[in-house]
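Take a look at the chain below.

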Amino acid sequence: MTEVAWIGLGAMGSRMAARIRDEGHELVVWNRTREKAEELGVPVAASPREAAARAEIVFTMLADPEALRAVTEDGDGIVAGLREGAVLLEMSTVGPQAIARLSERMPSHASLLDVPVLGSLPEAEAGELRLFAGGEDAPLERALPLLRVLGEPLHVGGPGSGAAAKLVANATLVGTIALLGETLALADGLGLPRETVFDVLSVTPLAAQAERRRPAIEAGEYPPRFTLSLAHKDAELVQEAAAAAGRDLPALAAARDHLAAAERAGLGAEDYAAVLKQILG
Ligand SMILES: NC(=O)c1ccc[n+]([C@@H]2O[C@H](COP(=O)([O-])OP(=O)(O)OC[C@H]3O[C@@H](n4cnc5c(N)ncnc54)[C@H](OP(=O)(O)O)[C@@H]3O)[C@@H](O)[C@H]2O)c1
């Protein structure tokens with residue numbers, strides 16, 4: 001049994017933390033909105049610092065880099081509470097720059113691993129996420145039994161590599177959905193019936209994506225799993241990371257622009273596939 005702290009109990013974090021609780025670990029939690037923390041039925045800390053001070057392994061699962069800064073950096077933040085030998089497991093999608101910033105603030109007596117996740121709410125609930133782990137071998141070895149409760153870890157490299165791998169994975173998500181939208185818009189413009197278009201797409205590289213999205217497109221309903229505002233955040237993180245690396249990615253910038261327009265149009269709380277509504281008009 002391990003003493004575990006979990007900070008960030010949104011759609012993903014609440015499901016993942018529930019799995020750690022159900023394994024019988026000694027769990028303490030903190031969330032900005034306290035009611036969500038209370039729903040888990042485990043002790044709720046008064047601050048991220050207090051939660052960290054009560055644990056050997058500290059998880060964070062937060063919206064974005066700003067949220068990560070808010071719970072790690074100030075006097076009540078996690079960094080100030082980390083115990084000797086503690087491991088901080090950062091699982092949000094925040095990009096390598098946020099991990100580098102956090103890494104600079106870590107005390108020498110604790111370790112940081114960046115382990116963002118691929119998969120959505122059903123996979124989080126079932127413990128079937130794909131986990132991209134960045135960091136040193138020794139803390140990862142310690143964390144592995146807990147990570148395996150959440151999914152399948154893949155050690156992709158040193159510090160920051162997990163965050164980088166996650167941006168690569170999500171670049172494919174936002175790029176593919178934008179390409180599907182533009183392809184359908186082209187077909188609409190050329191007067192092809194939808195039925196025919198789906199037959200055509202079924203023999204192209206977009207076959208799997210078109211088949212997966214067809215029911216939502218036909219129903220015009222996109223219930224949230226991975227919200228559009230989070231996907232927009234990721235598309236922005238891809239551009240920031242690419243710019244820092246001296247790479248120009250215009251196709252992914254266009255996908256980002258579609259997501260930005262969809263968010264401005266009020267679709268931020270829907271699933272990210274609702275960008276199709278924006279593109280198709
Ligand atoms: N949903 C998915 O399918 C999915 C899949 C893979 C990865 N991800 C990534 O996983 C992370 C979490 O996603 P999610 O779907 O769980 O998001 P979510 O439901 O929006 O939860 C976000 C969490 O961040 C907290 N938060 C936001 N701003 C904060 C701030 N300024 N200070 C402190 N806490 C703050 C929220 O607290 P409150 O409860 O107080 O708002 C909540 O606990 C994101 O980075 C996302 O991109 C999501």
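**Thr93 and its surroundings**

Setting aside neighbours within four places in sequence, Thr93 is in contact with Ala63, Lys166, Leu167, Lys233, Asp234 and Leu237. The model is predicted. Thr93 sits in the loop between β4 and α6. Is Thr93 buried or exposed? Its relative accessibility is 12%, so Thr93 counts as buried. The cut-off for buried is under 20% relative accessible area.

**Two more single residues**

- Pro96 has its place in helix α6.
- Pro96 is partly exposed, because its relative accessible area is 24%.
- Partly exposed is the class between buried, under 20%, and exposed, over 50%.
- Pro96 is in contact with Gly160, Ala163, Ala164 and Leu167, leaving aside neighbours within four places in sequence.
- Leu167 is also among the contacts of Thr93.
- Along the sequence, Pro96 and Val238 are 142 residues apart. In space, their C-alpha atoms are 9.9 Å apart.
- Ala110 lies in the loop between α6 and β5.
- Ala110 has a relative accessible area of 12%, so this residue is buried.
- Ala110 touches Leu82, Arg83 and Ala86, when residues up to four places away in sequence are not counted.
- Gly85 is 25 residues from Ala110 along the chain. The C-alpha atoms of the two are separated by 4.9 Å.

**Strands around β4**

- Strand β4 covers residues 87–90.
- Which residues of β4 lie on each side? Val87 and Leu89 are on one side, and Leu88 and Glu90 are on the other.
- These four residues are all buried, and both faces of β4 are covered.
- Strand β3, residues 57–60, is joined to β4 by four bridges. The two strands run parallel.
- Ile57 has Val87 in β4 as its bridge partner.
- Strand β5, residues 111–114, also pairs with β4 in the parallel sense, over four bridges.
- Leu88 has Leu112 in β5 as its bridge partner.

**Strands around β7**

- Strand β7 spans residues 129–134.
- How many of the six residues of β7 are buried? Five are, and the strand is mostly covered.
- Strand β6, residues 117–118, pairs with β7 over two bridges. This pairing is antiparallel.
- Val117 stands opposite Leu131 in β7.
- Strand β8, residues 151–157, is joined to β7 by six bridges. Here the strands run parallel.
- Gly134 has Gly157 in β8 as its bridge partner.

**Helix α4 against helix α6**

- Helix α4 is residues 65–72, and helix α6 is residues 95–105.
- Their axes are 10 Å apart, and the packing angle is about 15°.
- Angles under 35 degrees count as roughly parallel. α4 and α6 are therefore roughly parallel to each other.
- The crossing of α4 past α6 is right-handed.
- From α4, Pro65, Leu68, Arg69 and Thr72 take part in the contact. From α6, they meet Ala98, Arg101 and Leu102.
- By class, the residues of this contact are four nonpolar, one polar and two charged.

**Helix α9 against helix α11**

- Helix α9 is residues 161–189, and helix α11 is residues 207–219.
- The two pack at an angle of about 70°, with axes 11 Å apart.
- The range from 65 to 115 degrees counts as roughly perpendicular. α9 and α11 are therefore roughly perpendicular to each other.
- α9 passes α11 in a right-handed crossing.
- Thr176, Ile177, Leu180 and Leu184 of α9 make the contact with Gln209, Ala210, Arg213 and Ile217 of α11.
- The contact of α9 with α11 has five nonpolar, two polar and one charged residues.

**Helix α10 against helix α11**

- Helix α10 is residues 194–201.
- The axes of α10 and α11 come within 9 Å and cross at roughly 155°.
- Angles over 145 degrees count as roughly antiparallel. α10 and α11 are therefore roughly antiparallel to each other.
- On the α10 side, the contact is made by Arg194, Glu195, Phe198 and Leu201. On the α11 side are Ala207, Ala210, Arg214, Ile217 and Glu218.
- This contact has five nonpolar, no polar and four charged residues.
- Ala210 and Ile217 of α11 take part in the contact with α9, and both also take part in the contact with α10.

Terms used: Residues numbered from 1 in each chain as written. Predicted model: local features only at pLDDT ≥ 70, side-chain atom pairs only at ≥ 80, totals over all residues. Heavy atoms only, no water. Axes fitted to C-alpha atoms, helices over the stretch in contact; angles between N-to-C directions. Left-handed = near helix turned anticlockwise from the far one by under 90°. Contact = heavy atoms within 4.5 Å. Nonpolar A, V, L, I, M, F, W, Y, C, P; charged D, E, K, R; others polar. Buried < 20%, exposed > 50% of the residue type's maximum accessible area, 1.4 Å probe, protein only. Pairing = 2+ DSSP bridges.
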